[in-house]
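Hi,

Here is the structure I promised to pass on to you. Have a look at it first, and then read on for my notes.

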Amino acid sequence: MGNADLRQLAAIEPIEFSELAGATVAIDAHNWLYRYLTTTVKWTSDAIYTTAAGEEVANLVGVVQGLPKFFEHDITPVMVFDGGVTDLKTDEIEQRREQKEKAAKRAKEAREAGDAVEAARLESRTQRLTDTIHETTRELLALLDVPIVEAPAEGEAQAAHMARTGTVDYAGSEDYDTLLFGAPRTLRDLTSKGDPECMALDATLDEHDLTWEQLVDVGILCGTDFNDGVSGIGPKTAVKLVGEHGDLWAVLEAEDAYIENADLVRELFVNPDVTDTDFDPAIEPDLDAARTYVTDEWEIPASEVERGFERIQESVVQSGLDRWT
DNA sequence: CGCGAAGA
DNA sequence: TCTTCGCGG
């Protein structure tokens, strides 16, 4: 039940960071945060990110390590947080929860067997974005003056909406949902080493001779986070069928297939619950307050975050100078 | 999610 | 050639 199928259809091209200088990007915060959270858990000892009171805040290390990438390339990130979760997604969430429980059990076994590396590897898969993680991430982002947007519902939908209405230049997410939510351009691989890639909606539609609604129908046929697809129908067949029959309903009738809640899922993508919002792109972080927050209030060893804070300081000072020249 | 193996 | 399945990350 994944929509990685869309990769085979999406028009994706590499893009260099140098081309993104000055750009604003609405980041799917859940996605971005989870990525840095899991890598932090995997590569650092839990003693580093656990307070004396037993609270785990690996996110604070992750955020400090992740943000410099934006500033160093003169990109303004707007962090978009999820609001309410659609109940259509509960099946998907339940499955992920079961996966995490399995990983947690195996991690415990590895820990007891004395295999710390294997345990850390598995523990990185058990991570949940707890209330504490959400709250402390928001607080740190606020101190660093990074714009935050609270989505009414799905974060990807909100990010796509902001890109669609020109509030930002790009949506930023690792998954392909933003395409179905109508984002004209989505940046992927913003968190990994090399240059990112840019996924374009218009080029995707042109390539397959589809409308946006038809692309949504293709996605639904393949399966999304909100619905199971039709068995035997993958991306290629879905495009062919939608092209032949026109829309999802005609395809389902012709194939004698049924998709639970298909009408609701379609509405969710085409007319999502989003809000119009603005943000201040001038970022003026309070580095001292941020350092104090992370190291004093949440007891993270300064050595773990110092390099990240330095990189933020250097790049923000740099862009501050740019503004006057 | 990406990838490789296996079945259709 | 396309889809599914299962694993590692």
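**What the model shows**

According to an unreviewed UniProt entry, residues 142-210 carry the annotation "domain: XPG-I". UniProt positions here follow the numbering used for this model, with feature names shortened, and such annotations may be inferred rather than shown by experiment. That span is 35% helix and 20% strand, and its end C-alpha atoms lie 41 Å apart. Helices (H or I, at least four residues) and strands (E, at least two) are DSSP runs, numbered from the N terminus.

Before going further, please keep in mind that this is a predicted model: local features need pLDDT of at least 70, side-chain atom pairs count only at pLDDT 80 or more, and totals for chains, interfaces and linings use all residues. Residues are numbered from 1 along each chain as its sequence is written, while chains are lettered from A and ligands numbered from 1 in the order in which they are written.

**Annotated sites**

The unreviewed UniProt entry also gives a "binding site" annotation, covering Asp 175, Asp 177 and Asp 225. Although these residues are spread over 51 residues of sequence, they cluster in space, with a largest C-alpha distance of 10.8 Å. Asp 175 sits in the loop between strand E5 (170-172) and helix H8 (177-180).

Another annotation from the unreviewed entry, "coiled-coil region", covers residues 90-139. Here the chain is 80% helix and 0% strand, and the end C-alpha atoms are 28 Å apart.

**Helix packing**

Helix H4 (residues 90-112) packs with helix H5 (residues 116-123) at an angle of about 165°, and their axes are 8 Å apart. Axes are lines fitted to C-alpha atoms, for helices over the stretch in contact, and angles run from 0 to 180 degrees between N-to-C directions. H4 and H5 are therefore roughly antiparallel to each other; angles under 35 degrees count as roughly parallel, over 145 as roughly antiparallel, 65 to 115 as roughly perpendicular and the rest as oblique. On the H4 side, Ala 103, Arg 106, Ala 107, Ala 110 and Arg 111 meet Glu 118, Ala 119, Leu 122 and Glu 123 of H5 (contact means C-beta atoms, placed from the backbone, within 7 Å). This contact has 5 nonpolar, no polar and 4 charged residues. For these classes, Ala, Val, Leu, Ile, Met, Phe, Trp, Tyr, Cys and Pro count as nonpolar, Asp, Glu, Lys and Arg as charged, and the others, Gly among them, as polar.

Helices H1 (residues 29-43) and H2 (residues 58-66) cross at roughly 110°, their axes coming within 8 Å, so H1 and H2 are roughly perpendicular to each other. Residues of H1 in this contact include Trp 32, Leu 33 and Tyr 36, and those of H2 include Val 61, Gly 62 and Val 63. The contact of H1 with H2 divides into 8 nonpolar, 6 polar and no charged residues.

Helix H10 (residues 212-222) and helix H13 (residues 262-270) pack at about 130° with axes 10 Å apart, and H10 and H13 are therefore oblique to each other. Glu 213, Val 216 and Ile 220 in H10 meet Ala 262, Val 265, Arg 266, Phe 269 and Val 270 in H13. By class, this contact has 6 nonpolar, no polar and 2 charged residues.

**Around the DNA**

Which residues are around DNA strand C? They are Arg 121, Arg 125, Ser 231, Gly 232, Ile 233, Gly 234, Pro 235, Lys 236 and Thr 237 (near means a C-beta atom, placed from the backbone, within 6 Å of the strand). Helix H11 (residues 235-245) gives the largest share of this surface, 3 residues. By class, the surface near DNA strand C has 2 nonpolar, 4 polar and 3 charged residues.

Best wishes

How values were computed:
Two residues are in contact if their C-beta atoms, placed from the backbone, lie within 7 Å.
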